[in-house]
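Here are some notes for a colleague who is opening this entry without having seen it before. They take the ligand site, then the charged pairs, then some backbone details.

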Amino acid sequence: MLTLKTEDLSAVQLQDYLQYAIAPRPICFASTIDHDGNINLSPFSFFNMFSTKPPICVFSPARRVRDNTTKHTLENVLQVKECVINIVNYDMVQQMSLTSTEYVKGINEFEKAGFTMLKSDLVKPPRVAEAPVQFECVVNQVIPLGDQHGAGNLILAEVKLIHINEDILNSEGKIDQHKIDLVARLGGDWYCRVTEDNLFKVAKPLAKLGIGVDALPKSVRLSKVLTGNDLGMLGNVEHLPGDDDVDLIALKPEVKEVLDATIGDATNRERELHELAKSLLKQGNIEFALKVVLL
Ligand SMILES: Cc1cc2nc3c(=O)[nH]c(=O)nc-3n(C[C@H](O)[C@H](O)[C@H](O)COP(=O)(O)O)c2cc1C
């Protein structure tokens, strides 16, 4: 492995390694206003939610790596402690990128990028009408992380109002992960889009206590066929099945076929049973797969 001491790296190198690896990052499309009423709109991918109640999001306009100057967004929230965090979908991505141009102070990036200003209900900065979700926030705290080139400034924004375009809701009134069409920032110029073909679910293990991978027999843990993901699914069951249940599985036609074809050939039997278990796991049939690997 390449191991790097951060103190030996320049700000540009650090930015590169960190941003390519810590990705994808959600995008906070922040609208802010200064005390003269000048409106600003800029994207920030150093962003996430950090608390549900109170609902707190944090984003970070950093000091410019190039010349150590500060960003208008930071200057604005220090003057007027409010912002709107707009969520960016795929249809907005090119215009959003345009707003990150370093226009001089006082230039309204809504106009430059062709976005529609929508009056907020509680705060002074306007919302981006095109954004599928808009969070009206008050800024509770601004925490500078340093005074050097590239130093971040954490803006702790408490969400007070949430506006959601009804087109992205499902029949239960919740946000449909398929419909929101999110984009996220990666390293350099890379972005990704959350589409049907790259969405998948992993059931939360909170509801039950999984036995753990360490409870599986060594031959399963060291399998050349089963991957870490396969072992993670097997380790998430609540109990190892009893011997009788495992024996019964030998009567299933697909299992019997493997057993009959590998009589006296222990190595191939294990490999083929693990392959069968792997395909059962792919179909979500975890209990069956576990019995197969325990045979
Ligand atoms: C998708 C995207 C994400 C960005 N994320 C950040 C970020 O997290 N922090 C930052 O300082 N700059 C970030 N930038 C750059 C700022 O948007 C850019 O410096 C912008 O001009 C700042 O505008 P302002 O001076 O009007 O606040 C990002 C740019 C893009 C396109």
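1. The model is a predicted one.

2. The shell around the ligand holds 21 residues. Ser42, Pro43, Phe46, Ala62 and Thr73 are the closest of these. At least two shell residues come from strand E2 (39-44), and helix H2 (72-79) likewise supplies at least two.

3. What classes of residue make up the shell around the ligand? Eight are nonpolar, eight are polar and five are charged.

4. The backbone of Ala62 places a polar atom 2.7 Å from an oxygen atom of the ligand. In the side chain of Lys71, an N or O atom is 2.8 Å from a ligand oxygen. Asn40 also takes part through its side chain, where a polar atom lies 3.0 Å from an oxygen atom of the ligand. The ligand on its own would expose 640 Å², and the protein buries 93% of that area.

5. As for location, the largest pocket is where the ligand sits.

6. Across the whole structure, 12 salt bridges are found. In one of them, the side chains of Lys124 and Glu82 meet with an N to O distance of 3.6 Å. This pair links distant parts of the chain, since the two residues are 42 apart. Lys124 is in the loop between strand E6 (117-118) and strand E7 (127-128), whereas Glu82 is in strand E5 (residues 82-87).

7. A cis peptide bond joins Ala23 to Pro24, with omega about -5°. Pro24 is in the loop between helix H1 (11-21) and strand E1 (28-33). Another cis bond joins Lys53 to Pro54, with omega about 5°. Pro54 falls in the loop between strand E3 (47-51) and strand E4 (56-59).

8. Where do residues with positive phi such as Asn68 lie? Asn68, with phi near 65°, is in the loop between E4 and H2. Asp181, with phi near 55°, is in the loop between strand E9 (153-164) and strand E10 (183-185). Neither residue is a glycine.

Key
Residues are numbered from 1 along each chain as its sequence is written. This is a predicted model: local features need pLDDT of at least 70, side-chain atom pairs count only at pLDDT 80 or more; totals for chains, interfaces and linings use all residues. Side-chain values use heavy atoms; hydrogens and water are left out. A residue is near a molecule or strand if one of its heavy atoms lies within 4 Å of it. A polar contact is a pair of N or O atoms within 3.5 Å; within protein, one must be able to donate a hydrogen and the other to accept it, and residues adjacent in sequence count only if both atoms are side-chain atoms. Accessible areas come from the Shrake-Rupley method with a 1.4 Å probe; for residues, only the protein chains shown count as cover. On a 1 Å grid over the protein atoms alone, a cavity is a set of points where a 1.4 Å probe fits but cannot get out, and a pocket is an open set with protein on both sides within 12 Å along at least five of seven lines; lining residues have an atom within 4 Å of a point. A molecule sits in a cavity or pocket if more than half of its atoms lie within 2 Å of its grid points. Helices (H or I, at least four residues) and strands (E, at least two) are DSSP runs, numbered from the N terminus. Ala, Val, Leu, Ile, Met, Phe, Trp, Tyr, Cys and Pro count as nonpolar, Asp, Glu, Lys and Arg as charged, and the others, Gly among them, as polar. A salt bridge is a side-chain nitrogen of Lys or Arg within 4 Å of a carboxyl oxygen of Asp or Glu.
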